[in-house]
Amino acid sequence: MTHDASSSTDVTAEPLCALHEIPGGGVLERVARVDGEPESLLILRRGDEVHVFFNVCPHAGRRLDFAPGRFMLDADTLLCAAHGAAFAIPGGACIAGPCRGERLREVRSAVRDGHVWLVPA
Ligand code: FES
């Protein structure tokens with residue numbers, strides 16, 4: 001979910017990406033530290049709304065992309081490349097497949113100055 005951060009101390013030191021780097025209606029993959037660990041993250045943009053999720057499927061913990069940074073995505077559904085779980089976009093709920101009813105894990109983020117930032121817990 002897009003969070004409106006209001007001070008410069010509540011986000012990570014480096015942005016994840018510039019807003020314009022995320023294809024319209026698309027997704028961008030970045031590796032960033034979350035709780036001190038490098039994690040593959042997927043960054044979804046719908047208009048001005050941005051969501052950041054761990055690139056980890058709740059079914060068997062596999063990556064969602066079929067190649068690094070390459071996702072099966074249409075207007076409102078993201079498919080897991082491993083076994084085909086379907087996730088509603090941008091909310092991240094699994095709507096079909098082996099983990100129906102579970103969700104992608106979202107990472108708190110903020111959009112500021114044309115960039116996407118992580119918001120530490
Ligand atoms: S790991 Fe994603 S559907 Fe099995």
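Guide: Four strands form an open sheet in the order 3-4-5-10, with antiparallel pairing. Strands here are DSSP runs of E of at least two residues, numbered from the N terminus, and helices are runs of H or I of at least four residues; two strands pair if DSSP finds at least two bridges between them. The model is a predicted one, in which local features need pLDDT of at least 70 and side-chain atom pairs count only at pLDDT 80 or more, whereas totals for chains, interfaces and linings use all residues. Residues are numbered from 1 along each chain as its sequence is written.

At the edges of the sheet lie strand 3 and strand 10 (106–107), each of which pairs on one side only. Strand 3 is joined to strand 4 by eight bridges, and strand 4 to strand 5 by six. The hairpin of strand 3 and strand 4 has two residues between the strands, and Asp35 in the turn has a positive phi of about 50 degrees.

Ile43 may be followed across these pairings. Opposite Ile43 of strand 4 stands Leu28, while in strand 5 the bridge partner of Ile43 is Val52. Leaving aside neighbours within four places in sequence, Ile43 is in contact (C-beta atoms, placed from the backbone, within 7 Å) with Leu16, Cys17, Ile22, Val27, Leu28, Arg30, Val50, Val52 and Val116.

Ile43 and Val52 are also among the residues with the most contacts inside the largest nonpolar core, together with Leu16, Leu41, Leu42 and Val116; this core has 27 residues. Strand 3 (27–34), strand 4 (37–46), strand 5 (49–54) and strand 12 (115–118) each supply at least two of its residues, and strand 4 gives the most, with four. A nonpolar core is a set of buried Ala, Val, Leu, Ile, Met, Phe, Trp, Tyr and Cys residues joined through C-beta atoms within 7 Å. A residue is buried if 20 or more other C-beta atoms lie within 10 Å of its own, exposed if 12 or fewer, and partly exposed in between, with C-beta atoms placed from the backbone.

Technical notes
Contact = placed C-beta atoms within 7 Å.
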